[in-house]
Amino acid sequence: MGVLIHGDGSFAGQGVVYETLHLSALPSYATGGTIHIVVNNQVAFTTDPRAGRSSQYCTDVAKALNAPIFHVNGDDMEAVVHACELAAEWRQTFHSDVVVDLVCYRRFGHNEIDEPSFTQPKMYQVIRNHPSSLEIYQKKLLESGQVSEEDILKIQEKVNKILNEEFLASKDYVPKRRDWLSSHWAGFKSPEQLSRVKPEILKNVGKAITTLPDNFKPHRAVKKVYEQRAQMIETGEGIDWALAEALAFATLVVEGNHVRLSGQDVERGTFSHRHSVIHDQETGEKYCPLDHVIMNQNGEMFTVSNSSLSEFGVLGFELGYSMESPNSLVIWEAQFGDFANGAQVIFDQFLSSGESKWLRQTGLVLLLPHGYDGQGPEHSSARLERFLQMSDDNPYVIPEMDPTLRKQIQECNWQVINVTTPANYFHVLRRQLHRGFRKPLVVMAPKNLLRHKDCKSNLSEFDDVQGHPGFDKQGTRFKRLIKDQNDHSDLEKGIRRLVLCSGKVYYELDEERKKNGARDIAICRVEQLCPFPYDLIQRELKRYPNAEIVWCQEEPMNMGAYNYIAPRLCTAMKALGRGSFEDINYVGRAPSAATATGFYQVHEGKAKDDPLHLCQDTVTRLVRGVICSGVGYYVQGLAMKSKGPVFVTAFNPLSMVIVTILGSFVLSEIVYLGRVIGALAIVIGLYLVLWGKSKDQSLLTSTNDKVAATAAEMDTINESFETSNQEFVAIDVIKVKPTGESA
């Protein structure tokens with residue numbers, strides 16, 4: 001039975017209360033009802049009720065659920081017991097939430113140094129003269145004759161004795177982890193289990209999760225996705241991110257583990273990549289392939305559920321679920337990484353420090369989509385720097401790197417990763433359960449890597465057979481650091497630059513390296529940021545003894561991993577005599593208040609900040625300007641040929657300047673200036689066209705009031721105009737250089 005205790009101020013004022021109430025009847029979140037007990041001291045901290053809420057009662061928020069609310073006088077002990085019994089019966093009968101409002105008071109201040117009469121003098125004058133609830137109940141029992149004063153004294157002595165004994169025992173108390181773990185943690189798994197899987201199991205579960213019933217009619221786009229996944233399993237090549245995730249879930253289910261995935265739009269996936277629940281386009285029925293991995297599979301072995309539009313409440317629910325279910329892979333996915341901001345309290349107060357404060361372990365996994373794709377500041381960053389800042393590993397001490405790496409991770413409060421391959425994602429999810437301990441896992445989940453042409457893995461990178469394609473010296477397991485993929489030897493003195501990075505920026509760097517044929521640059525991916533892989537970093541430093549060290553990231557300098565990586569990288573370098581902090585070169589965006597720009601073209605411009613890109617952009621703008629200006633001159637020449645002399649006068653030479661500017665900027669990548677000048681050019685051009693037309697019309701309607709010209713004279717004028725106009729345009733094109741240099 002779930003019992004939550006609230007204060008009156010928090011029940012009315014904290015949004016998480018409504019978020020939690022709102023979960024009570026949702027699929028995959030219902031708990032059979034919760035009893036909410038509100039200790040209503042009528043003043044919260046120092047705030048009067050009229051300033052603390054807009055409703056009459058602090059419990060009115062529960063009316064949104066039609067939950068029964070029992071208001072009871074806290075001085076009437078028997079009434080309090082009756083109200084609580086009634087609430088329990090309601091919960092057991094109707095399996096829904098119920099609220100008990102204990103209307104009472106706070107005799108002393110909010111804490112030891114608080115003086116409540118500073119802010120509520122009249123109220124506390126009454127309270128000081130008011131007997132306590134114990135005194136009131138004692139008097140009632142004595143008046144009824146049910147107990148004697150001797151009986152009351154015996155009870156008081158018994159309770160005081162218990163309290164005194166426990167107080168003395170607390171001075172010598174040493175906390176034990178087992179005392180703080182629930183019964184579900186008994187018989188915990190052996191840490192010897194590994195994340196790799198036998199190839200025949202991968203093939204079998206792969207076929208199961210890519211096969212749909214014959215009579216099921218999915219959306220044609222979803223059907224194509226599943227056909228492509230089946231082809232991936234059949235060939236063993238090109239495994240993408242979504243299929244790797246599904247394989248991790250399926251293999252864990254086959255091993256008897258429960259997998260739970262929740263969050264906003266997780267069934268389909270924010271980026272339409274997962275499609276774990278498919279809808280029949282004719283009947284509307286749902287089908288989840290991961291519910292049919294094995295014969296007669298328990299429907300609760302795999303749970304995927306779209307949550308309400310809540311972060312704080314839902315993540316808190318999943319945290320509690322993971323603490324009670326150590327053998328379940330519990331995952332919460334944010335719609336975008338920065339949506340996790342709404343759950344910051346859970347990160348700060350519970351997830352990052354819960355084990356340190358309360359000895360409570362959790363293996364909760366956070367999937368936070370992160371990556372700079374030009375979508376603006378609100379959808380780019382999962383605030384990687386915040387999670388790294390809350391990591392408690394010492395940046396100036398290299399820990400003992402035992403072969404199993406268990407000690408380093410066990411002594412750290414959580415793990416933060418930014419993986420770049422589907423296979424590595426597969427292994428890190430399975431690693432969460434194949435351990436003898438639990439640690440939270442924060443994943444900077446990708447966005448454009450979900451469909452990136454190079455972000456693929458072979459099925460052999462998932463299995464346990466040596467010698468298969470994809471099985472390199474690092475083996476088939478989670479790789480904390482992925483070395484350069486150019487098959488370098490253990491000692492490469494000819495490499496002049498070692499670039500360390502994390503996340504999708506690797507693919508951009510690798511593409512640029514291939515484009516420029518830069519074979520003297522090595523790129524290594526730090527897949528696990530925390531705990532920091534000192535041993536693997538030092539391995540790469542030894543491999544490239546003559547290389548300068550570069551940390552590259554797509555985030556601004558004051559964000560991302562730089563401020564976490566730099567001191568730890570410096571520690572690793574000093575231990576090898578490779579220099580100090582000044583020898584670490586930073587490549588990335590400059591410090592910024594906003595996480596990202598709101599314009600894609602500006603984002604691209606900031607990403608391409610090297611001289612080669614600047615040169616390429618300049619040439620591109622010039623070519624575009626020449627083409628657009630040339631087309632503009634040609635069209636204008638035709639217009640001059642067909643219009644009268646006033647139209648020509650209106651359009652030349654100012655219109656020529658407008659066309660030149662328009663050609664130079666509108667199609668260029670200088671977004672701000674190009675749009676402004678382009679808009680002005682259009683407005684001025686339209687004005688001149690209309691003015692020219694009105695002048696032409698006035699000439700045609702005033703023939704009786706002005707000197708008339710004969711038909712032969714008009715022909716002569718037109719022929720002369722055509723000749724002079726063509727000569728003028730030819731001369732103008734030669735003289736004016738429509739190169740867009742004004743850009």
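Contact means heavy atoms within 4.5 Å. Helices (H or I, at least four residues) and strands (E, at least two) are DSSP runs, numbered from the N terminus.

Before we walk on, a word on what you are looking at: this is a predicted model, in which local features need pLDDT of at least 70 and side-chain atom pairs count only at pLDDT 80 or more, while totals for chains, interfaces and linings use all residues. Residues are numbered from 1 along each chain as its sequence is written, and side-chain values use heavy atoms, with hydrogens and water left out.

Two strands count as paired if DSSP finds at least two bridges between them. β13 and β15 (residues 521–526) pair in the antiparallel sense over two bridges, and I482 stands opposite R525 in β15. D487 has a positive phi of about 55 degrees although it is not a glycine. D487 is exposed, with a relative accessible area of 73%; exposed means over 50%, buried under 20%, and partly exposed in between (1.4 Å probe, protein chains only).

Now for another sheet. Seven strands form an open sheet in the order β8-β5-β9-β10-β12-β11-β16, again with mixed pairing. The edges are β8 (302–306) and β16 (528–530), each pairing on one side only. On average, neighbouring strands of this sheet are turned by 20 degrees against each other, direction ignored. Within the sheet, β10 (residues 365–369) and β12 (residues 441–445) pair in the parallel sense over five bridges, and the bridge partner of L368 in β12 is M444. Helix α10 (residues 241–254) lies across β5 (258–263), β8, β9 (328–333) and β10, running at about 140 degrees to β5.

The loops beside these strands deserve a look too. S307 sits in the loop between β8 and α11 and is buried, with a relative accessible area of 13%. Not counting residues up to four places away in sequence, S307 touches Y29, G263, Q264 and V314. In the loop between β5 and β6 (278–279) you will find S272, whose phi is near 55 degrees, a positive value in a residue other than glycine. At 30% relative accessibility, S272 counts as partly exposed. A cis peptide bond joins C530 and P531, with omega about 0 degrees; P531 lies in the loop between β16 and α18 (534–543).

Finally, turn to the helices. In α2 (residues 15–22), the buried residues are V16, V17 and L21. They cover an arc of only 140 degrees around the axis, which puts them on the same side of α2; the arc is that of the directions from the helix axis to the C-beta atoms. These buried residues pack against β1 (2–7), α1 (8–13), β2 (34–40) and α11 (312–324). Helices α6 (residues 133–144) and α7 (residues 149–170) pack at an angle of about 145 degrees, their axes 10 Å apart.

Technical notes. Axes fitted to C-alpha atoms, helices over the stretch in contact; angles between N-to-C directions.
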